[in-house]
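Please find below some brief notes on the model, for comparison with your own reading.

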Amino acid sequence: MSIRKAADAWRLLHGVVCLYKPRDMSMKSLYRQLANNLCADLNALEQAPMKLIERDIVQPHPVTQSLLVVGRKTQLDYSTHPLVVGDRYRPEDMEISALHESDTETCGVCVVGINAGVEKLEKIREQRLINSYIIDGQLGRETYKHKEDSKVTKRATFDHVTPFQMRKVLARHESHFRRSAFEYAGADAQSQEAYELASRGPPRPQMDSPAIIYSIELLRFAAPYFSLEVQTVGETDTYLRAYVQELGLNLRTTACCKKLRRLRQANFTIDHALLAKHWTLQHLLDNMALCARVLNNNKSSTIVRTSESPSSTSIMADDELVERMESDSTEDDLDVRLIEGNSESATETSERRTTRSVNSDSNNNTVDCLNVPWGRDY
């Protein structure tokens, strides 16, 4: 879609766009750069013709030298001329706001509303959609305000930490947040309402609640560095950085966040995001049309990793997510609990796995509440 007139472009410049926020860029800098780029492109387009006004032609009388009107002429109205009043489109005329205010050190997907699109952001927040992050951390090091460039306030040994231990702690945290998810969704975990809610996918909080983490997965571990994939609702960047430190304390050491990257915000992923070099009027209008189609799709969806690459993601409906996680997450969580409890022998554990596998194959068309990741009880 090619636009020649600035007035036509301005009428279309009302909506939501998805940007890729670079690291070490504050939100104010992002707003300023976005507004400056838009205004520069708008002012470069064909402007509306300047108004014309009629003025009297006054000449002195040849004898008396008194001023007389001898005719009228048409000329430009210089009260609206760009050399007098400046550019027609200015950054202060733009209204820009983000769905989620990010820290300067955070990078990744950033959903921004422009002009009338700012009003749509509140409706997106009310849906409490799931966000996805990649968190890179470092063991044995704690910093001021949990930021990488801050002063190191504490050091600790980390040689005793193994991937198995970290996965156990992450599974324990995930189980705790699952119970909290039902609580803030307004349903008793032992009720039929909770079962029906879980069968439709991850329970979304129906009220203002603290951050709820639905999924935590260890992607990479090479001591002292590690990477996590986190799917959460109601989070802030400060909360996620503090969570990395809490994870380190649970492992009898300490940790700090090295990098925080957002892979998904609401229904928008990296595939929808524009790089900074594409923050131009034409690209933003095309992206605005793409985001409008995404918003019109009201079907709830969640990110599920489809390969070992952290950036390889696909959108999957909640019903499909439940079916996929029946055979993955539930068995992993149950195995962790069996190891922690240490109440059964290896032979009994193997027999239980075999029994679960047979029952799953024979009843693959029915959803058992105990096999659903968000089931009644654990």
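1. Contacts of L34. Beyond its neighbours within four places in sequence, L34 touches L19, I96, V112, I114, W279 and L284; contact here means heavy atoms within 4.5 Å. The model is a predicted one, in which local features need pLDDT of at least 70 and side-chain atom pairs count only at pLDDT 80 or more, whereas totals for chains, interfaces and linings use all residues. Numbering runs from 1 along each chain as its sequence is written, and side-chain values use heavy atoms, with hydrogens and water left out.

2. The largest nonpolar core. This core has 28 residues, and those touching the most other members are L13, L19, L34, L38, M94 and V112. A nonpolar core is a set of buried Ala, Val, Leu, Ile, Met, Phe, Trp, Tyr and Cys residues joined through side-chain atoms within 4.5 Å. Buried means under 20% relative accessible area, exposed over 50%, and partly exposed in between (1.4 Å probe, protein chains only). Two or more residues of the core come from each of α1 (6-12), β1 (15-21), α2 (27-44), β4 (96-98), β5 (107-114) and α8 (281-296). The largest share, eight residues, is that of α2. Helices (H or I, at least four residues) and strands (E, at least two) are DSSP runs numbered from the N terminus.

3. Strand β11 and its partners. Of the eleven residues in β11 (residues 255-265), ten are buried. Strands are taken as paired if DSSP finds at least two bridges between them. With β5 the pairing is parallel, over two bridges, and G108 stands opposite R262 of β11. With β6 (residues 131-139) β11 runs antiparallel, joined by eight bridges; I135 has L260 in β11 as its bridge partner.

4. Cysteines. How many disulfides does a search of the whole structure find? The search returns zero, a disulfide being a pair of cysteine sulfur atoms within 2.5 Å. For C257, the nearest cysteine sulfur belongs to C256 and is 7.6 Å away. C257 is buried, at 0% relative accessibility. C107 is likewise buried, at 5%.

5. Helix α6. A194, L197 and A198 are buried in α6 (residues 192-199). Viewed down the helix axis, the buried residues of α6 fall within an arc of 95°, so they line one face; the arc is that of the directions from the helix axis to the C-beta atoms. Just after α6, G201 takes a positive phi of about 125°.

6. Salt bridges. The count is ten, a salt bridge being a side-chain nitrogen of Lys or Arg within 4 Å of a carboxyl oxygen of Asp or Glu. One of them joins D8 to R11, with the closest N and O atoms 2.1 Å apart. Both residues lie in α1, three residues apart, or about one turn of the helix. D8 is partly exposed, at 30% relative accessible area, while R11 is exposed, at 55%.

7. Pairing between β2 and β3. D56 and R72 meet in a salt bridge, at 2.4 Å from N to O. The pair links distant parts of the chain, with D56 in β2 and R72 in β3 (residues 67-76), 16 residues apart. D56 is partly exposed, at 40%; R72 is exposed, at 51%.

8. Further charged groups. R90 and E92 form a salt bridge whose closest N and O atoms are 2.7 Å apart. R90 is partly exposed, with a relative accessible area of 37%, and E92 is exposed, with 54%. R23, E148 and K258 are linked in a network of salt bridges.

9. The loop at P49. Which loop holds P49? P49 is in the one between α2 and β2 (52-60), and is exposed, with a relative accessible area of 73%. Its C-alpha atom is 9.9 Å from that of L76, which is 27 residues away along the chain.
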